[in-house]
Amino acid sequence: MTLFLIVTLNGLTLAALYFLAASGFSLIFGLMRTVNMAHGALLLLGGYVGYSVVDLTGSWALGVMGGGVAAALAGALVQFGVLGWMQGDELRQTLASIAISIIMADLMLWYWGGITYQVELPEALAGGQRLPILSVGYANIRLALMGFALVAGIALWLLIQKTRFGAVIRAGVDDQDMLRALGYPINRIFVLVFALGGLLAGMAGVVAASALSIAPGTDLQFLLSSLVVVIVGGMGSIGGAALGALLVGLAEQYGLAYAPTYGVVFTFAIMVLVLAVRPQGLLGKAEQ
């Protein structure tokens with residue numbers, strides 16, 4: 001029972017991390033219909049910048065904000081300078097964003113090297129504590145990660161569903177010409193949405209570097225997980241991203257604990273089953 005509880009908590013932690021990484025990807029890919037294969041590189045950039053900020057200032061909060069802002073600026077630059085000119089052409093966007101991802105990965109390898117980094121935790125998040133109901137010990141940073149993902153998910157859902165800005169985003173996806181006719185600067189709005197997605201990815205990178213570690217290759221790992229989560233949950237659905245992250249995170253951890261030889265198969269089995277039964281994802285909407 002203790003092993004089961006620890007594995008379940010690890011699955012929830014991994015799900016929270018996947019949700020933070022995939023929520024920005026879902027926002028860009030699902031709502032804007034923009035294929036950004038450089039999303040993992042934005043996450044890795046945020047993790048590296050966050051590590052450097054924490055190493056320089058000693059403040060973990062500044063590191064999280066610094067990594068998020070750096071990835072947001074990079075994401076806005078990618079949208080404004082490259083992908084925005086290819087809106088509606090998914091193949092060109094895919095090829096261009098893959099090229100951007102490779103260039104960013106090489107630049108980060110040149111500057112930060114090929115070693116593994118882990119962000120130093122503040123005193124409040126260091127160590128662990130015994131959970132009162134489950135009677136098992138667990139790391140504070142992992143508990144904080146789950147809480148952070150919950151708050152970020154609620155805030156993002158409220159932004160998209162309950163604010164005027166969110167309504168403009170959803171309207172721009174459905175009918176850009178009408179939104180332009182009403183006087184809204186659609187290109188500027190999409191740059192802001194891309195920056196928001198980069199902010200979420202960068203902050204996820206710093207949190208990942210705090211709870212786990214980051215190194216070259218982390219970008220591809222989280223890009224793949226983000227793709228699977230969005231496919232399972234449904235494009236453009238924040239709730240779907242949360243549900244997909246929960247299923248993928250738990251499946252990975254249960255697979256590693258109870259069937260390590262076939263653990264990696266579980267994630268793709270979930271994706272295949274969802275695509276066979278509901279191609280638009282569990283909470284996605286079928287395109288008309």
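Predicted model: local features only at pLDDT ≥ 70, side-chain atom pairs only at ≥ 80, totals over all residues.
Let's start with helix H11, residues 263–277. H11 has 15 residues, and from its first C-alpha to its last it reaches 22 Å, close to the 21 Å expected at 1.5 Å a residue. Which residues of H11 are buried? They are Gly263, Thr267, Ile270, Met271 and Val274. These residues cover an arc of only 125 degrees around the axis, so they sit on the same side of H11. Turn to the other side of H11 and you will find Val264, Val272, Leu273 and Ala276, which are exposed. As for the buried residues, their packing partners are helix H9 (218–233) and helix H10 (238–258).

Those two partners also meet each other. The axes of H9 and H10 come within 7 Å and cross at roughly 115 degrees, and the crossing of H9 past H10 is right-handed.

H9 takes us on to the aromatic residues. The structure holds 8 aromatic pairs. One of them is formed by tyrosine 18 and phenylalanine 222, an edge-to-face pair at 6.1 Å centre to centre with 80 degrees between the planes. Where in the chain do tyrosine 18 and phenylalanine 222 lie? Tyrosine 18 is in helix H1 (residues 2–31) and phenylalanine 222 is in helix H9, 204 residues apart, and the pair thus links distant parts of the chain. Both tyrosine 18 and phenylalanine 222 are buried.

Compare the pair made by tyrosine 111 and tryptophan 112. Their ring centres are 4.8 Å apart and their planes lie at 80 degrees, so this pair is edge-to-face. Is tyrosine 111 buried or exposed? Tyrosine 111 counts as exposed because its relative accessibility is 57%, and exposed means over 50%. Tryptophan 112, at 14% relative accessibility, counts as buried, since the limit for that class is under 20%. Tyr111 and Trp112 also belong to one aromatic cluster together with Tyr48, Tyr51, Trp110 and Tyr117.

Helix H2 covers residues 39–57. H2 has 19 residues and reaches 27 Å from its first C-alpha to its last, close to the 27 Å expected at 1.5 Å a residue.

Now back to helix H1, where asparagine 10 is found. Asparagine 10 has a relative accessible area of 18%, so asparagine 10 is buried. Which residues is asparagine 10 in contact with, leaving aside its neighbours within four places in sequence? They are Tyr138, Arg142 and Gln253.

Isoleucine 169 and glutamine 253 are 84 residues apart in sequence, and their C-alpha atoms are 35 Å apart in space. You will find isoleucine 169 in helix H6 (residues 164–174). With a relative accessibility of 0%, isoleucine 169 counts as buried.

Technical notes:
Residues numbered from 1 in each chain as written. Heavy atoms only, no water. Helix = DSSP H or I, 4+ residues; strand = E, 2+ residues; numbered from the N terminus. Expected span 1.5 Å × (residues − 1). Buried < 20%, exposed > 50% of the residue type's maximum accessible area, 1.4 Å probe, protein only. Arc of directions from axis to C-beta. Contact = heavy atoms within 4.5 Å. Phe/Tyr/Trp six-rings, centres within 6.5 Å; stacked < 30°, edge-to-face > 60°. Axes fitted to C-alpha atoms, helices over the stretch in contact; angles between N-to-C directions. Left-handed = near helix turned anticlockwise from the far one by under 90°.
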